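This briefing sets out selected features of the structure shown below.

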Amino acid sequence: MSDGLVKILDGNTFVVSDSRGDIEASLTDPTGLFSFDTRFLSQWVLTVNGKRLTPLSTDDLQYFETRFFLVPGTGTVYVDSKLSVIRRRAVGNGFREELQILNHDEKPVDLTVRIDAGSDFADLFEVKDALKKKGTYTTRVTDGRLVLGYQRETFKRATDISATAPARVDKQGLTFKTRIEPQGEWSTNLDVVTAVLGTGEKHERPKFARPRGRQNMENNLKRWLDQAPTLECDWDSLRRTYMRSLVDLAALRFSPALAGYRSLPAAGLPWFMTMFGRDSILTSLQALPYTSELAATTLQALGDWQGTRVDDFRDEDPGRILHEMRYGELPAFEERPHSPYYGSADATPLYIVLLDEYERWTGDRRLVHDLEYEARAALNWIDEYADLMGNGYISYQRRNEKTGLENQCWKDSWDSISYRDGRLAGFPRATCELQGYAYDAKIRAARLAREVWKDPEFASELEKQAADLKRRFNRDFWIADREYFALALDSDGEQVDVLSSNIGHLLWSGIVEKSKAKAVARHLLGPRLFSGWGVRTLAEGEGRYNPIGYHVGTVWPFDNSFIAWGLRRYGFKEEAARIAAGILAAADYFDGRLPEAFGGYERSLTRYPVQYPTACSPQAWSTGAPLLLLRTMLGLEPVGDLLVVEPALPVGIGHVALLDIPGRWGRVDAFGRGRESPNEKQPLRPSHEPVPV
Amino acid sequence: MSDATAEFFGSLTQRGHVPMLEKAKGTVRFELVDGKRTDRWLLVVDKGDLAVSRRNAGADCTLRTDKALFDRIVDGEVNAAAAVLRGAVTIDGDMELLVQLQKLFPGPPPRRRRSRNGAGGRRRA
């Protein structure tokens, strides 16, 4: 992996270690065993006869499992190369490490094998912000186990460490003395169990005594892959990217505590293994043609936690869909608002969009019935709580000024909403894509009201509101002399006039008047926004443009996948295919795993996509981007009980077949053939990729 | 002295039907520890219909905490989900029922909320 760290995970439990498998975390260092946003191990160091080990290789067997091949000693000369050390580690309720040492010598060998273990029980927020702990630590040796504990009032966390081979356990770790015969081996299992303890429980054996079985998880992954459609095509890189996306999406599945065993997509590893309104919804949308399970769980879980009261600390309102849920110490003591935090202006309308799209794919009207109350509450939020300026548009301004989010749209960094001259807009801010989402939500809810909830009056009212919103929006946000939509309206109702990728989301939502769509598409594929790989978040030439600025010039794969979908919606097939081709070609440089964002440099300048330095990979909506682009290229659209296929492949792809697409039609296949364009032999494939015959 | 907990359960009896709980079905027992005494309340939720009693019966989910803390939860001064996260409230049984139930707790009292800093403009239903 690019940062030299090895990451494995299961739900919100994950391990980040160095390439030897060791963990030596400081307060600000992101390595460790984490679960429920708490670090349960900050030290886990293996030595053999007092020496650290050197990695020969690391196998990422599965997302939940890694194998480290090591030899004793450090440096380039292996003094003890007659020994092999293998650590095989699988995550699940903590982790299990199978430690195996092989003696290749003709003589027996006496070994002292030592694991040093410790935990700082840091909250993820503390790791990010380097905060000090307020509770007390305990370390106990009981029944041959090492139990590390942390307590602050009623908040108790514990790590229970044990081994299957006889060990001498002290408060700093476990020691094994062994003699290995010639060509013999020695092994032990090391079990690390994380425990979240309630008030009544003591620091005794935690509830879950045993890490979850690896076999179990292997079967689960196999089932997941078997149920997904099969991709056939003449572009090897696309097949690899597709498979990578499916596996990463499986890895990012997360069963929120308090949501049974169902899973939804968490936002990203390692910092964002939790439920996010926006990320979980958008990823579920991207994945719908492949699996509907994620969408169903997302809708249910977000509905369960829908806001019901006015709470300024959490930026909660009735009907509002949450932004982020966290389980660590700081939210537990209300020092951070994430229990859950509601400061998102787009998750609520997007919730309705997902509900409708889910029904269109699955025909599952029962869920739409079940969530009627939540959907109506969400629609009510748009009208009654989100219109902070009283001008009929969704806008945002945090009420929690200490720890709330300033920008409550997807471009959530501090400098993302600026005028052309670089000044930042004041609050509240009404960004344009929020209005698009609101429009789409009303149109889609009208369909559900008419067809499922049997409330034609409500449907008509929603359609009337949507038509009015569309008319006003096309008047108030349109910058006539530049022929694009403003990024936002500021607190005075003035246009925030930069050219940004947000206009692509407007096409997706359908709020753009037909007469204006062509100009929007022209900008999206024009030289200021389109880098050759994809659409930049902010156009070249704007005051704050920076090709490696987080939301002010980089290219986001997820952003592009929705832009491509939007272009198709307005009939710009070729333009959509160009974006798909650019992003999918970029994916090849990252072994099929698209980063959250990459540099906005001109493609011809760098020749390869420059990754934005970020700690999160895989990122859920980047993982979902190739899936949505594939849908877009094939032109998959559920219409009634049928799946309509209208392929428009990028130049350079001969054929694409997606087999066994699940939906209300059962399973169907979709085929696409490339356009013949002998004069345009511009290769899609990077030059190192063999062109299939 | 007024009893916030008793008032809360009284108000639930009056509400009778709560549309946002129409998906919830089950029985929740509250064990509120008050010194040596334990106050018991039983809430039966049946597709949005609420029934409160003091019966000591089996339940799908048991919530246990100090009565003083529960008084503050039903006053909106303490967030129930955060209290569960820090172990000040323990839950035994059906966690999903608890997620539904926390919707019944009010937000912070207005006096504790900061002013809206001139953002204004919010219309209320």
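**Backbone exceptions and the features around them**

Lys47(B) counts as exposed because 11 other C-beta atoms lie within 10 Å, where 12 or fewer is the cut-off for that class. The model is predicted. In chain B, Lys47(B) sits in the loop between strand E2 (37-46) and strand E3 (49-53). Although Lys47(B) is not a glycine, it has a positive phi of about 50°.

- Asp315(A) is another residue that is not a glycine and yet has a positive phi, of about 50°.
- The loop between helix H5 (293-304) and H6 of chain A holds Asp315(A).
- Ser339(A) and Pro340(A) are joined by a cis peptide bond, with omega about -5°.
- Pro340(A) belongs to the loop between helix H6 (329-332) and helix H7 (347-362) of chain A.
- A cis peptide bond also joins Phe427(A) and Pro428(A), and its omega is about -5°.
- Pro428(A) is placed in the loop between H9 and strand E21 (430-431) of chain A.

**Chain B as a whole**

- Chain B contains 4 helices and 5 strands.
- Read from the N terminus, the elements of chain B follow the order α-β-β-β-β-α-α-β-α.
- Of the 125 residues in chain B, 30% are buried.
- When contacts in chain B between residues at least 6 apart in sequence are considered, 67% of them join residues at least 24 apart.

**Domains of chain A**

- The domain assignment divides chain A into domain 1 (6-203) and domain 2 (228-673).
- The C-alpha centres of domain 1 and domain 2 of chain A are 39 Å apart.
- Domain 1 of chain A contributes 17 residues to the contact, and domain 2 of chain A contributes 19 residues.
- On the side of domain 1 of chain A that touches domain 2 of chain A, strand E1 (6-10), strand E2 (13-17) and helix H1 (124-129) of chain A each supply at least two residues.
- That side of domain 1 of chain A is made up of 10 nonpolar, 3 polar and 4 charged residues.

**The largest nonpolar core**

- The largest nonpolar core has 236 residues, and those touching the most other members are Tyr351(A), Leu354(A), Leu355(A) and Ala580(A).
- Helix H10 (residues 432-451) of chain A gives the largest share of this core, with 11 residues.
- Both domain 1 (6-203) and domain 2 (228-673) of chain A give residues to this core, so it lies between them.
- Setting aside neighbours within four places in sequence, the contacts of Ala580(A) are Ala564(A), Leu629(A), Thr632(A), Met633(A) and Pro650(A).

**Packing of helices H9 and H10 in chain A**

- The axes of helix H9 (residues 372-384) of chain A and H10(A) come within 11 Å and cross at roughly 145°.
- The crossing in which H9(A) passes H10(A) is left-handed.
- H9(A) makes this contact through Ala375(A), Leu379(A) and Ile382(A), while H10(A) uses Ala438(A), Ala441(A), Ala445(A) and Leu448(A).
- By class, the residues of the contact of H9(A) with H10(A) are 7 nonpolar, no polar and no charged.

**Two individual positions in chain A**

- Gly600(A) occupies the loop between helix H15 (573-589) and helix H16 (603-606) of chain A.
- Gly600(A) is buried, because 29 other C-beta atoms lie within 10 Å.
- Although Gly600(A) and Gly549(A) are 51 residues apart in sequence, they are 8.6 Å apart in space, C-alpha to C-alpha.
- Not counting residues up to four places away in sequence, Gly600(A) touches Ser531(A), Arg536(A), Pro547(A), Gly553(A), Thr554(A) and Val555(A).
- Arg667(A) is part of strand E29 (residues 666-673) of chain A.
- Arg667(A) counts as exposed, because it has 11 C-beta neighbours inside 10 Å.
- Arg667(A) and Gln619(A) are separated by 48 residues in sequence and by 29 Å in space, C-alpha to C-alpha.
- Apart from its neighbours within four places in sequence, Arg667(A) is in contact with Asp660(A), Ile661(A) and Pro662(A).

Notes. Residues numbered from 1 in each chain as written. Chains lettered and ligands numbered in written order. Predicted model: local features only at pLDDT ≥ 70, side-chain atom pairs only at ≥ 80, totals over all residues. Core = buried A, V, L, I, M, F, W, Y, C linked by C-beta atoms within 7 Å. Buried ≥ 20, exposed ≤ 12 C-beta atoms within 10 Å, placed from the backbone. Domains from an automatic or database assignment. Contact = placed C-beta atoms within 7 Å. Nonpolar A, V, L, I, M, F, W, Y, C, P; charged D, E, K, R; others polar. Axes fitted to C-alpha atoms, helices over the stretch in contact; angles between N-to-C directions. Left-handed = near helix turned anticlockwise from the far one by under 90°.
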